[in-house]
Amino acid sequence: LENDRLPSDLQLNVSETVLARDLLLGYFGGDDDFESKAKRLLALVEKKFGDGLFSQARILLQLFQTDEQTRVNNDRNLFYEDMILRLGIRRRHPLSEEELQIFRDRLKNADTDEGTRDLARWLDEVCLIKFHLLLRDPAQAENWKTALEPCGLVKAKEAFHERVPPKRWRTVDAFANEPVSEQIRRHVSSDTAKKFVLNQLKTCYFILRAVGDTGLEGFLDTFFDWTSDQFDLNGTLLMPLLYNRSMQETAAMNSILEDIYEEHFAAKVEEKVAGITDEEIDAAARTVLKNLSKSDLGEIAPGYYDLGGFVFDTLFEVEYPTAEFAAKIHRIT
């Protein structure tokens, strides 16, 4: 399920999932060849790690039973390597002036639905910048709703519909008959707002841990001002708490970050999301295009990006050191 949510190009392929399946079958079936299967899968994990495919590596590592210290070391290494890639990757081949002019021309036409799709396709094909939204398939959702209609357990139906069909990272062309603006509205939810805040939190923590080495220290002022203005929090007090827990506890980094989110951010985030109107979301989406026009496209590395994260930047009033800095925050790895 975790693999299925990733952008299609970032998912484990069939042969890789079969390798993982064979390991599990070998484990529970007492296969004599279990050790060699484990070695093959571990070699695959190491390759994913080396290729910077940390989401895939994290999924596969869950299949291995390891001692507590090894599990913690793996988790922390994945976290730091993921952040190094997210914040440090650069575009190897600069864009030509002709390409930049095409980008500016297409931006001018992005005030229509087809213009937005055309811009997204061009960025994907030419710049390898792939914008995604975390969405359910409306047709699948309607089918499940119809199937569960006879069920008299109202709360059970509601709980089911929150999870099935699952949300997946999809390009804006995934739903040809649904306007991009409507897709963006559907993306904006408490779940995606939580992902947005967690990305801000872990970025600040990583830069503090590597202070002086990243050249990104300007984001620290962004984060601390933002937590103060939007959440009435002293962000500097959160960082020692996060550091102590990451060094002393055996919980995964994601779990620690989520605990801090639930305690310090969740209530205000949910309150804010509940009050956001469609008109505000549409205005935020237009601001994303305006900010793109101010960005140095050559500073945005090829990769997969959360388009909704850029929309949340406006909705939650985040101001970065540079226009293109947001791409570092919203990269999907």
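Strand β1 (residues 129-135) and strand β3 (residues 303-306) run parallel and are joined by 4 bridges. Strands here are DSSP runs of E with at least two residues, helices are runs of H or I with at least four, and both are numbered from the N terminus; two strands count as paired if DSSP finds at least two bridges between them. Follow Ile129 across and you reach Gly303, its bridge partner in β3. β3 also pairs with strand β4 (residues 331-332), in the antiparallel sense and over 2 bridges. In that pairing, Tyr304 stands opposite Ile332 of β4.

A word on the model itself: it is predicted, so local features need pLDDT of at least 70 and side-chain atom pairs count only at pLDDT 80 or more, while totals for chains, interfaces and linings use all residues. Residues are numbered from 1 along each chain as its sequence is written, and side-chain values use heavy atoms, with hydrogens and water left out.

Now let us turn to the open spaces. Rolling a probe the size of a water molecule over the atoms shows where empty space is left. On a 1 Å grid over the protein atoms alone, a pocket is an open set of points where a 1.4 Å probe fits, with protein on both sides within 12 Å along at least five of seven lines; its lining residues have an atom within 4 Å of a point. The volume is the space filled by probe spheres set on the points, which are joined across faces, edges and corners.

The largest pocket holds about 1,600 Å³. Its lining has 45 residues, and Glu2, Arg58, Lys195, Asn254 and Glu258 lie nearest the centre. Helix α5 (68-88) is among the elements that give at least two residues to this lining, as are α11 (190-209) and β4. The largest share, 8 residues, comes from α5. By class, the lining has 17 nonpolar, 10 polar and 18 charged residues; Ala, Val, Leu, Ile, Met, Phe, Trp, Tyr, Cys and Pro count as nonpolar, Asp, Glu, Lys and Arg as charged, and the others, Gly among them, as polar.

The second largest pocket has a volume of about 460 Å³. It is lined by 25 residues, with Ala110, Thr116, Ile184, Ala285 and Leu289 closest to its centre. Here α16 gives the most, with 7 residues, and the lining divides into 17 nonpolar, 3 polar and 5 charged residues.

Finally, look at the aromatic rings, of which the structure holds 22 pairs. Rings of Phe, Tyr and Trp (its six-membered ring) pair if their centres lie within 6.5 Å; planes under 30 degrees apart are stacked, over 60 edge-to-face, and the rest tilted. Phe196 and Phe316 form a tilted pair, 5.6 Å from centre to centre with 40° between the planes. This pair links distant parts of the chain, 120 residues apart: Phe196 belongs to helix α11, and Phe316 to the loop between α17 and α18. Phe196 is buried at 1% relative accessibility, and Phe316 is buried at 0%; buried means under 20% relative accessible area with a 1.4 Å probe, protein chains only. The rings of Tyr261 and Phe265 have centres 6.4 Å apart and planes at 10°, so this pair is stacked. Both residues, Tyr261 and Phe265, are buried.

Definitions and conventions. Buried < 20%, exposed > 50% of the residue type's maximum accessible area, 1.4 Å probe, protein only.
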